[in-house]
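Here is a short briefing to read with the model open beside you.

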Amino acid sequence: ISDLGAVGSPAKDFMNYAGFMLFGLSIIAFSVGVYRIRRSWLGKIIAVLFALGGLSMFLIGVFPSDAPCRAGRFCPPPTPVGEMHNAATIGSFVFLFPAFIVLVLDTRNEKSMRYYFIVAGVLGVIIAFFAYTWLTAIDDTLIGVKQRTTLGAFSLLLMYTSVKLYRLNAR
């Protein structure tokens, strides 16, 4: 997916602004909602993790990836901007994955969240599996499918979490 926002891509600006940066801002807005709804100290930590994950997603768009380099060709060394892009990509997982895990722990005793851990667990396993296979890939085989599955499952989990927290707050 980063290739769409890479240096030299015809879709670079659209992907970086409307894709990564806007998605990052929406995650930051989500973190504000979590901060307001979850009043415990653990809830505040969850909100900070979501905010840092959103910032990482935003930075993925600020620092476009290097132009794709296919196997079998001479590939130049990564640029500093490309390295920042890679660090932000990893940072999004480092902050967002624990945010969901701690949210499951924080809401485990809430009646309206009783099945949340099952859905979050299943989607979390899908996200972890495909993110691992994508981030550690040796070649480009199905890497686009792995990335889209990872981000699609993450988006579903974020939407499901939003609905569950909204209902929890509405009572």
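This is a predicted model: local features need pLDDT of at least 70, side-chain atom pairs count only at pLDDT 80 or more; totals for chains, interfaces and linings use all residues.

- The largest cavity has a volume of about 200 Å³.
- To find the largest cavity in your viewer, look for M57, S92, F93, W134 and L151, which are the closest to its centre among the 18 residues that line it.
- Four helices each supply at least two residues of the lining, namely α2 (41-62), α3 (80-106), α4 (116-135) and α5 (143-170).
- Helix α3 gives the largest share of that lining, with 6 residues.
- Sorted by class, the lining of the largest cavity has 13 nonpolar residues and 5 polar ones, while charged residues are absent from it.

- You will find R38 in the loop between α1 (12-37) and α2.
- Is R38 buried or exposed? With a relative accessible area of 9%, R38 is buried, because that value falls under the 20% cut-off.
- Leaving out residues up to four places away in sequence, R38 touches G43, K44, D106, T107, E110, L165 and L168.

**The R38 and D106 pair**

- As a reminder, side chains of opposite charge can pair when their charged atoms come close.
- R38 forms a salt bridge with D106, and their closest N and O atoms are 2.9 Å apart.
- R38 sits in the loop between α1 and α2 while D106 belongs to helix α3, so this pair ties together parts that are 68 residues apart in sequence.
- The side chains of R38 and D106 are also joined by a polar contact of 2.9 Å.
- Both partners, R38 and D106, are buried.

**The R38 and E110 pair**

- A salt bridge also brings together the side chains of E110 and R38, at 3.5 Å from N to O.
- This pair links distant parts of the chain, with E110 in the loop between α3 and α4 and R38 in the loop between α1 and α2, 72 residues apart.

Technical notes. Residues are numbered from 1 along each chain as its sequence is written. Side-chain values use heavy atoms; hydrogens and water are left out. On a 1 Å grid over the protein atoms alone, a cavity is a set of points where a 1.4 Å probe fits but cannot get out, and a pocket is an open set with protein on both sides within 12 Å along at least five of seven lines; lining residues have an atom within 4 Å of a point. Grid points are joined across faces, edges and corners, and a volume is the space filled by probe spheres set on the points. Ala, Val, Leu, Ile, Met, Phe, Trp, Tyr, Cys and Pro count as nonpolar, Asp, Glu, Lys and Arg as charged, and the others, Gly among them, as polar. A polar contact is a pair of N or O atoms within 3.5 Å; within protein, one must be able to donate a hydrogen and the other to accept it, and residues adjacent in sequence count only if both atoms are side-chain atoms. Contact means heavy atoms within 4.5 Å. A salt bridge is a side-chain nitrogen of Lys or Arg within 4 Å of a carboxyl oxygen of Asp or Glu. Buried means under 20% relative accessible area, exposed over 50%, partly exposed in between (1.4 Å probe, protein chains only).
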